[in-house]
Amino acid sequence: MSFIEVKDLTKIYSVGGKNIFAVNNVSFSLREKEFTILFGPSGSGKTTLLMLLAALIKPNKGHIYVRGQDITKFSEDEAALWRRKNVGFIFQTINLVDFLNVLENVMLPLYTAKIDVHELREKALKLIKRVGLEERVKHKPSQLSVGEQQRVAIARALINNPEIVLADEPTAHLDLETGKKIISLMRELRDEYGTTFIVATHDPEIVSMADRTIKMRDGRVILS
Amino acid sequence: MYVFVSSPTLISSSDVKLIDGWRWTNYVVCVSCEVYGNVTVLNVNGNFRKFACKFLVDGRLPRGVGEAAAVVLEDINVNVGDFLSVGNGSVRVVGLLDIKCVPLIGEVVSAKVILVKIVDEEVFDSRALVVGLSCFANVSDVLVRLENLLGENVLIDASNIPFSRIRFVNVFVVCSLVANVAVTFLIVLDIRKDCAILFSVGWLPRDVFGRIVLETVVLNLLGFLVGFVVLYVETVFILKYYFFINIYVFILMMLTLLSSVFSSYIFSRFLVFKKGVEVLVT
């Protein structure tokens, strides 16, 4: 059985009375611990697909099975709990909370989980050190470079030991070299933590760093 | 013998139930009257100058006013059924109630409270009521106030006052609720992205929602308290009304808080969970 199986997935947005198929009848499957890149131009449906995979939105049609469990059937609460336990999300716009420092941002996903704060803090510090920001623990996001902010976002995505990390254009605001370093870091973390990474990008330079590439255009998978 | 009109709230000439369910004269200063069809509204804590004017203009009680509460400051012996002469008219005592402490403007006096029914409305001379009212409003200043109340200038002053006390509070209620909803909307709008981040990293909707409610309720409560102080200062020092927390203000506070919670819920559902996620990825 595949780790992730996407079947006939369709997501339609209604804009000005017109239906737009952001994801159109997409099917594919992924193996565990695979480093997958969703590649395609802007507007091809990558972000929507990631949001569907994170159970942040519901599809109009189709199913997503993770370890055989259909996550499209989850209620809002079930989806949130599932995300907390199984998913890390890295945004193109990074989306750190401005008024929290690096440590607090990394701890954020597990604040409401019943975990000892000291244990959580140790875990967060370990991750921050792993992404090379141990000197920046007390800094606010505004005091960091974009590349550093993205590292914090990666640490935040891994704090809950997720099985899946979904990254939406994580290198979009970075120069090529920094972007490659970020992807390399993700690959290393994949090896260390055994996490399945799904990275959406339109940057052809980093496609070669994937175990597997899924190409998308106009909401459809054209190469898997 | 003086009979002092005190503080009915809402009565009609046929509304006898108010006498049994006496609730409206506990802490009142003065009243004003407005007639709506068969119902006469006497405003609690209203502008007594306006009240006086109404009575002085036609020299009698407004049409439809058949019952009133009165405070007897002198130690007279009255019983239910007694007739009391007031000017050229008279009132009949229809109820008795003792209120030992009656707060007036700046002081507290002991007074006996009775309920009276206007017996002969047509020839009723309201001047005695005006005297009583002025006494009630400020015992130590009764003569000066009486002189003022009976003077022409007072009539002009009263006509310049745009709102009765109750209308003023009504406006305050509406403004407060509207401001409350607006503040809630702005708060949720402001923290929409942060809340959407929390939602996306695995916080439960109720955790995120709890945060919004907490923020908005606390901020709205602070806003309300500030508004309350401003209103108090305005009423006491500018409009010369006597103001205090009564059931009406209490209801206002509860309404404000409830509107905060409900508007938080509505806005958060829409802005955070429906639109917030879109904000994160666009």
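Predicted model: local features only at pLDDT ≥ 70, side-chain atom pairs only at ≥ 80, totals over all residues.
**Ile94(A)**

Ile94(A) counts as buried, because it has 20 C-beta neighbours inside 10 Å. The cut-off for buried is 20 or more. I then placed Ile94(A) in the chain: it is found in the loop between strand 6 (87-90) and helix 3 (102-107) of chain A. Next I checked the backbone. Phi of Ile94(A) is near 70 degrees, a positive value in a residue other than glycine. I noted this since most residues other than glycine have a negative phi.

**Glu169(A)**

I turned to another positive phi. Glu169(A) is not a glycine either, yet its phi is about 45 degrees. I found Glu169(A) in the loop between strand 7 (164-168) and helix 6 (176-193) of chain A. Is Glu169(A) buried or exposed? I counted 23 other C-beta atoms within 10 Å, so Glu169(A) is buried.

**Helix 2 of chain A**

I listed buried residues in helix 2 of chain A: Ala79(A), Ala80(A), Arg83(A) and Asn86(A). I asked why they fall on the same side of helix 2. They cover an arc of only 155 degrees around the axis, and therefore share that side.

**Contact with chain B**

I went on to the two chains. In chain A, 20 residues are in contact with 13 residues of chain B. Which elements of chain A give two or more residues to this side? I found helix 1 and helix 2 (76-86). Helix 2 gives the most, with 6 residues. I also sorted the chain A side by residue class: 10 nonpolar, 4 polar and 6 charged.

I traced an open sheet of 4 strands in chain A. Its order is 2-1-4-5, and the pairing is antiparallel. I marked the edge strands as strand 2 (18-30) and strand 5 (69-70), each of which pairs on one side only. I then followed one pair inside the sheet. Strand 1 (residues 4-15) and strand 4 (residues 61-66) of chain A are joined in the antiparallel sense over 5 bridges.

What lies across strand 1, strand 2 and strand 4 of chain A? I found helix 1 (residues 46-53) there, running at about 60 degrees to strand 2. Helix 1 is also one of the elements listed above on the side of chain A that touches chain B.

How values were computed. Residues numbered from 1 in each chain as written. Chains lettered and ligands numbered in written order. Pairing = 2+ DSSP bridges. Contact = placed C-beta atoms within 7 Å. Axes fitted to C-alpha atoms, helices over the stretch in contact; angles between N-to-C directions. Nonpolar A, V, L, I, M, F, W, Y, C, P; charged D, E, K, R; others polar. Buried ≥ 20, exposed ≤ 12 C-beta atoms within 10 Å, placed from the backbone. Arc of directions from axis to C-beta.
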